[in-house]
Amino acid sequence: MNILLVLEGNEEEALFDIARNNGFHESMNVHIINAEGSGRVAPFFQDAISNGYYDVVMCVYDVDNRISDFKSPFNEIRKKLLNILGTEEKVDAISIC
């Protein structure tokens with residue numbers, strides 16, 4: 001299974017470095033991309049789902065205690081993913097926050 005994790009930035013990459021060092025199940029071919037900013041998460045996601053290589057594409061981003069701030073990076077990412085996927089349920093399904 002080919003899995004891609006699109007990470008918002010360095011904090012998320014540090015978390016998955018720990019997971020990578022402990023190893024993933026042998027049936028998983030896990031790729032990790034650091035989007036290097038909240039504005040780049042959705043474009044990386046859209047590119048990945050359109051190329052057909054990955055079985056699963058997940059986005060990893062943080063809330064930063066600003067869930068109620070509609071202009072926060074968290075909510076901006078969600079808006080862009082909603083434009084791609086069409087429903088909140090689908091955004092929730094591919095999001096690790």
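1. Start with a loop residue. Asn-65 sits in the loop that runs between strand 3 and helix 3. Its phi is positive, about 55°, although Asn-65 is not a glycine. Most residues other than glycine have a negative phi. Asn-65 has a relative accessible area of 79%, so it is exposed. Bear in mind throughout that this is a predicted model.

2. How well covered is Asp-64, buried, exposed or partly exposed? Its relative accessible area is 44%, and Asp-64 is therefore partly exposed.

3. Stay in that loop for Ile-67. Ile-67 is found between strand 3 and helix 3. At 54% relative accessibility, Ile-67 counts as exposed, because the cut-off for exposed is over 50%. Which residues does Ile-67 touch, leaving aside neighbours within four places in sequence? The contacts are with Phe-74 and Asn-75.

4. Now the aromatic residues. How many aromatic pairs does a search of the whole structure find? The search finds 2. One joins Tyr-53 and Tyr-54, with ring centres 4.9 Å apart and planes at 85°, so this pair is edge-to-face. Tyr-53 is partly exposed, at 41% relative accessibility.

5. Tyr-61 and Phe-74 also form a pair. Their ring centres are 5.7 Å apart and their planes stand at 40°, so the pair is tilted. Why does this pair tie together parts that are 13 residues apart in sequence? Because Tyr-61 lies in the loop between strand 3 (56-60) and helix 3 (73-85), while Phe-74 lies in helix 3.

6. Check the cover on both partners. Tyr-61 has 1% relative accessibility and counts as buried. Phe-74 is buried as well, with a relative accessible area of 6%. Both values fall in the buried class because its cut-off is under 20%. Phe-74 is also one of the contacts of Ile-67, and Ile-67 itself is exposed.

7. On to the overall fold. The protein has 4 helices and 4 strands. In what pattern do they follow one another along the sequence? The pattern reads β-α-β-α-β-α-α-β. The radius of gyration is 13 Å, close to the 13 Å that the globule rule gives for 97 residues, so the protein is as compact as a globular protein of that length. Along its principal axes, the C-alpha trace spans about 40 × 25 × 20 Å.

8. Of the 97 residues, 34% count as buried. Take the contacts with a separation of 6 or more: residues 24 or more positions apart account for 67% of them.

9. The surface deserves a line of its own. The protein exposes about 5900 Å². Carbon and sulfur atoms supply 51% of that area. The charges number 8 positive and 16 negative. How far apart are the mean positions of the positive and negative charges? They are 8 Å apart.

10. Gly-9 is placed in the loop between strand 1 (2-7) and helix 1 (10-22). At 12% relative accessibility, Gly-9 counts as buried. Not counting residues up to four places away in sequence, Gly-9 touches Asn-34 and Glu-36. Gly-9 and Arg-40 are 31 residues apart in sequence, and their C-alpha atoms are 9.7 Å apart in space.

11. Last, a residue from helix 1. Asp-17 has its place there. Asp-17 is partly exposed, at 31% relative accessibility.

Notes. Residues are numbered from 1 along each chain as its sequence is written. This is a predicted model: local features need pLDDT of at least 70, side-chain atom pairs count only at pLDDT 80 or more; totals for chains, interfaces and linings use all residues. Side-chain values use heavy atoms; hydrogens and water are left out. Helices (H or I, at least four residues) and strands (E, at least two) are DSSP runs, numbered from the N terminus. The radius of gyration is taken over C-alpha atoms; the globule rule is 2.2 Å times the number of residues to the power 0.38. Buried means under 20% relative accessible area, exposed over 50%, partly exposed in between (1.4 Å probe, protein chains only). Contact means heavy atoms within 4.5 Å. Accessible areas come from the Shrake-Rupley method with a 1.4 Å probe; for residues, only the protein chains shown count as cover. Lys and Arg count as positive and Asp and Glu as negative; His and the chain ends are not counted. The place of a charge is taken as NZ of Lys, CZ of Arg, CG of Asp or CD of Glu. Rings of Phe, Tyr and Trp (its six-membered ring) pair if their centres lie within 6.5 Å; planes under 30 degrees apart count as stacked, over 60 as edge-to-face and the rest as tilted.
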